[in-house]
Amino acid sequence: MRAPDNAIPVTLALRWSDQDANAHVNNATIVTLVEEARVRAAKDLIGPISTESIVHVVRSLNVVYDAELTYADSIEARVWVSHIGNTSYTVTHELIQEGKSCVTATATLVVIDTTQRRPTPLPEDLIQRLRAHLSE
């Protein structure tokens, strides 16, 4: 496993319909699982996902498939911050099954000012929360 000790653990349920014709979890479903892990970890990771003045939007997403995921009752995800920038931060996700790292994904999120609809510097309280889960 690659996740650092300060990663946030998230248990995710799988559905029978998450499989494809090759009897592994479909690649598109993997992206949904990554999103679900990030959203569930957000309370610890960043606090409120949005306020009246700012929102967090995904700018990019990169997924690396190291091993197949197969249908099971659940899988384990680990979520942590791998970079903090001026107006954005990067969250890394690892999906683990039976103790084996199967998928690693990184998502860069940008903080947008809702009135200007433009990137805005990360608030200091958000930076402090992100640092608690930072591992580069």
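The model is predicted: local features need pLDDT of at least 70, side-chain atom pairs count only at pLDDT 80 or more, and totals for chains, interfaces and linings use all residues. Residues are numbered from 1 along each chain as its sequence is written, and side-chain values use heavy atoms, without hydrogens and water.

**Fold.** The protein has two helices and six strands. These are DSSP runs numbered from the N terminus: helices are H or I with at least four residues, strands are E with at least two. The order from the N terminus is β-α-β-β-β-β-β-α. The C-alpha trace spans about 45 × 30 × 20 Å along its principal axes. Of the contacts with a separation of 6 or more, 69% join residues 24 or more positions apart; a contact means heavy atoms within 4.5 Å.

**Surface.** Buried residues make up 43% of the 136 residues. Buried means under 20% relative accessible area, exposed over 50%, and partly exposed in between (1.4 Å probe, protein chains only).

Glu-98 sits in the loop between strand 4 (88–97) and strand 5 (100–113). Arg-117 lies in the loop between strand 5 and strand 6 (118–119).
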